[in-house]
Every structure is written in C-alpha cells, then in structure tokens.
Amino acid sequence: MHKHIYAFDFTDLTNKKIIEFQGDAYHANPKLFKEDEKPSPFNDLTSKEIWENDKIKYNFTINKGFDVLLIWEYDYKHNKEEVINECLSFLNYGEKIY
C-alpha cells in the first residue's frame with residue numbers, strides 16, 4: 001500500500017474544491033514540453049512520468065469527492081484576469097473582480 005501526503009495550493013474543504021497552480025517546468029506543461037523531455041530542474045523525470053504522477057494525485061483526490069481546477073503558469077501569465085475569474089466561478093464566489 002502506497003502512502004502519500006498530497007499538498008494543494010488552495011483547498012475549500014466545505015465545498016470540496018481544490019485549485020492547483022501548475023508550474024510549467026515542474027509539472028511539464030504539455031503546451032511547452034514533449035513527453036520524453038525532462039523539463040524540471042528539481043527531478044530527473046520525463047514529462048510523461050510527471051503527467052502520470054500528477055494523474056495519480058488528482059484521481060485520488062477526485063475519488064475522495066473533490067472537484068479539481070488546474071491552472072497552468074503559462075495561462076496565468078498570458079491572461080491573469082481570465083484565470084482569476086475562472087477560479088472565482090469554479091468556487092462559486094460570485095461576481096467577477098475584473
């Protein structure tokens with residue numbers, strides 16, 4: 001049996017919602033990296049291995065009843081307003097701030 005401790009960037013336990021900010025290199029943004037590349041300076045994993053590890057983490061979380069919103073660094077850098085509003089909408093926090 002594997003025991004993992006998963007940390008998330010934002011967790012709303014009441015509404016069972018998680019927002020995870022995906023760093024482009026650390027999580028191997030598929031817009032930027034091919035599956036055989038090793039994009040992260042923090043480990044020696046290929047993009048494909050990183051994607052598989054992330055999939056396990058998010059499937060575990062989804063199986064526990066959480067909704068998960070993934071935000072890519074690239075998307076945030078290129079359209080902050082849209083990403084922030086997407087997060088607010090996901091959380092059902094009401095009106096847009098922009």
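**Close-up views of charged side chains in a predicted model**

**View 1. The whole chain.** Of the 98 residues of the chain, 32% count as buried (under 20% relative accessible area; exposed is over 50%, partly exposed in between; 1.4 Å probe, protein chains only). This is a predicted model: local features need pLDDT of at least 70, side-chain atom pairs count only at pLDDT 80 or more, and totals for chains, interfaces and linings use all residues. Residues are numbered from 1 along each chain as its sequence is written, and side-chain values use heavy atoms, with hydrogens and water left out. The chain has 3 helices and 3 strands, in the order β-β-α-β-α-α. Both kinds of element are DSSP runs numbered from the N terminus (helices H or I, at least four residues; strands E, at least two). The C-alpha trace spans about 40 × 35 × 15 Å along its principal axes.

**View 2. The salt bridge between lysine 57 and glutamate 20.** The structure holds 4 salt bridges (a side-chain nitrogen of Lys or Arg within 4 Å of a carboxyl oxygen of Asp or Glu). In one of them, lysine 57 meets glutamate 20 at 3.1 Å, N to O. Lysine 57 sits in helix H1 and glutamate 20 in strand E2, so the pair links distant parts of the chain, 37 residues apart. Glutamate 20 counts as buried because its relative accessibility is 4%. Lysine 57 is buried too, at 11%. Contacts of glutamate 20 include Phe8, Tyr58 and Leu70 (heavy atoms within 4.5 Å).

**View 3. The salt bridge between lysine 31 and aspartate 75.** Here the closest N and O atoms are 2.7 Å apart. Lysine 31 lies in the loop between E2 and H1 and aspartate 75 in helix H2 (residues 73-78), so the pair ties together parts 44 residues apart in sequence. Lysine 31 is exposed, with a relative accessible area of 56%. Aspartate 75 is partly exposed, at 25%.

View 4. Glutamate 73 and lysine 77 meet at 2.9 Å, N to O. Both lie in helix H2, 4 residues apart, about one turn of the helix. Glutamate 73 is partly exposed, at 22%. Lysine 77 is exposed, at 54%.

**View 5. A patch of negative charge on the surface.** Glu35, Asp36, Glu37, Glu49 and Glu52 gather here. Patch residues have over 30% relative accessible area and no salt bridge; like charges are joined within 9 Å, nonpolar side chains (Val, Leu, Ile, Met, Phe, Trp, Tyr) within 5 Å. Accessible areas come from the Shrake-Rupley method with a 1.4 Å probe; for residues, only the protein chains shown count as cover. Asp and Glu count as negative, Lys and Arg as positive; His and the chain ends are not counted. The place of a charge is NZ of Lys, CZ of Arg, CG of Asp or CD of Glu. Aspartate 36 is in the loop between strand E2 (17-22) and helix H1 (47-63). Aspartate 36 counts as exposed, at 60% relative accessibility.

Methods
Lists of a residue's contacts leave out its neighbours within four places in sequence.
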